[in-house]
Amino acid sequence: MSEGQSFEKNDMPKPEAGPEVEVESVLEKREIESVERLEGYFQVRVVKLKDDGQAMFRETSDDSERNYHQFLRSELELLAAGIDKRLGFGLVPPVVGRTIEGSAGVLQERIFAEVASKVPDWEYLVNDLWLAKAAVFDYLIGNRDRHSGNFLIDPSTGRIWLIDHDYLSLIAGGSEETEILDKAKSKNLTQLSKEMKESIGFLLADIDSLKQGTEDIEILDFIEKIKTRAQVLLNTGTLA
Amino acid sequence: MTLFYFVDLYELDRDAKQRKIATFKMQEDEPGKVEVDGDHGHPVLESINREGIFDYKNARPGKLYPYDGMSFLENLKYYFRSGYLLATDVQKMTVNN
């Protein structure tokens, strides 16, 4: 299924189908113009790509003892993007693995939208279908740290992008905040449409491919839990 | 000599430059009082004051606000970690009286 295909009949917002592959290719191969290391506890760099915008780079760390909060950050961001892609939702900005200045990590398209915490009453400015998709996504991945600091919105189009899929939000448990899911429930966006169920079916059909190349028990367990939740959603047809 | 603990919070502008939104600082001998230097009308600061942040470090339920002192300061870096908004670790600064 091409991305967003299943939503076209009901005028669901299309998650920019074709260009996604191109964006990933640009992120993987495009010449780098400059790299800016940001001030902050978490190591993030902004990368300017020659003739093609900006991206956010996060280093991979395989040292869980010394660097617990960075651990698996890259793998989980790639995994979240892989799940989003199989669903065809277009919620997670395109992301690829890349080595920058000698450090391995993930490079993710920078989205020029507002962090939701800068937009009071954001829930009234987003499109209900984007909110419903984001709620399903967060339910599936069991996100335990979705607050207004880690998703972006474009008030002019009502679109949502989800960021910060890492150890704190997906494995360890962060804030136990589920702001998107809660807002979707408060707006009564809990019933899954036929198209939404179809998307979940596409995810289930291909989710095991996400296990390839990893032997990490926590990641394998994380994927199994997604399968269970997906099956629950298909059986019940509701997020309620 | 007075010891302060502080955390800087940055936002990212369109040109990939960071702009400091605020400095949250606490005097060592006033542990329950975090002062905020910055534009108090900035929506992120209003959001922090209204909604609070979470206690990632101790995984405790409930929210933390500036009046929670060091616990609040220590958790800013976990709450704001995307790069779009990014907080520093707790830093120290000594000021001559």
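**Loops, sheet, helices, interface**

Modeller: First, this is a predicted model. Let's start with A:Glu101, which sits in the loop between strand 4 (95-100) and strand 5 (103-109) of chain A.

Biologist: What is the phi of A:Glu101?

Modeller: Positive, about 50°, although A:Glu101 is not a glycine.

Biologist: And is A:Glu101 buried or exposed?

Modeller: Exposed, because A:Glu101 has 12 other C-beta atoms within 10 Å. The cut-off for exposed is 12 or fewer.

Biologist: What about A:Asp164, where is that?

Modeller: In the loop between strand 9 (159-162) and helix 4 (167-172) of chain A. A:Asp164 also has a positive phi, near 65°, and is not a glycine.

Biologist: Why does A:Asp164 count as buried?

Modeller: Because A:Asp164 has 26 C-beta neighbours inside 10 Å, and buried starts at 20 or more.

Biologist: Switching to sheets. What is the order of the open sheet with three strands in chain A?

Modeller: The order is 6-8-9, with antiparallel pairing. Strand 6 (114-115) and strand 9 of chain A are the edges, and each pairs on one side only.

Biologist: How many bridges join strand 6 to strand 8 of chain A?

Modeller: Two, and strand 8 covers residues 151-154. In one of the pairs, A:Glu114 has A:Ile153 in strand 8 as its bridge partner.

Biologist: Now helices. How do helix 3 and helix 5 of chain A cross?

Modeller: At roughly 130°, with the axes coming within 8 Å. Helix 3 is residues 128-141 and helix 5 is residues 179-186. That angle makes helix 3 of chain A oblique to helix 5 of chain A. The crossing is left-handed.

Biologist: Which residues of helix 3 and helix 5 of chain A meet?

Modeller: From helix 3, they include A:Leu131, A:Ala135 and A:Tyr139. From helix 5, they include A:Ile180, A:Leu181 and A:Ala184. The contact divides into eight nonpolar residues, no polar and two charged. A:Asp138 and A:Lys183 are also among the residues that meet.

Biologist: Last topic, chain B. How many residues of chain B are in contact with chain A?

Modeller: 26, and they touch 28 residues of chain A.

Biologist: Which elements of chain B give two or more residues to that side?

Modeller: Strand 1 (2-12), helix 1 (43-51), helix 2 (70-79) and strand 6 (85-87) of chain B.

Conventions: Residues numbered from 1 in each chain as written. Chains lettered and ligands numbered in written order. Predicted model: local features only at pLDDT ≥ 70, side-chain atom pairs only at ≥ 80, totals over all residues. Helix = DSSP H or I, 4+ residues; strand = E, 2+ residues; numbered from the N terminus. Contact = placed C-beta atoms within 7 Å. Pairing = 2+ DSSP bridges. Axes fitted to C-alpha atoms, helices over the stretch in contact; angles between N-to-C directions. Parallel < 35°, antiparallel > 145°, perpendicular 65-115°, else oblique. Left-handed = near helix turned anticlockwise from the far one by under 90°. Nonpolar A, V, L, I, M, F, W, Y, C, P; charged D, E, K, R; others polar.
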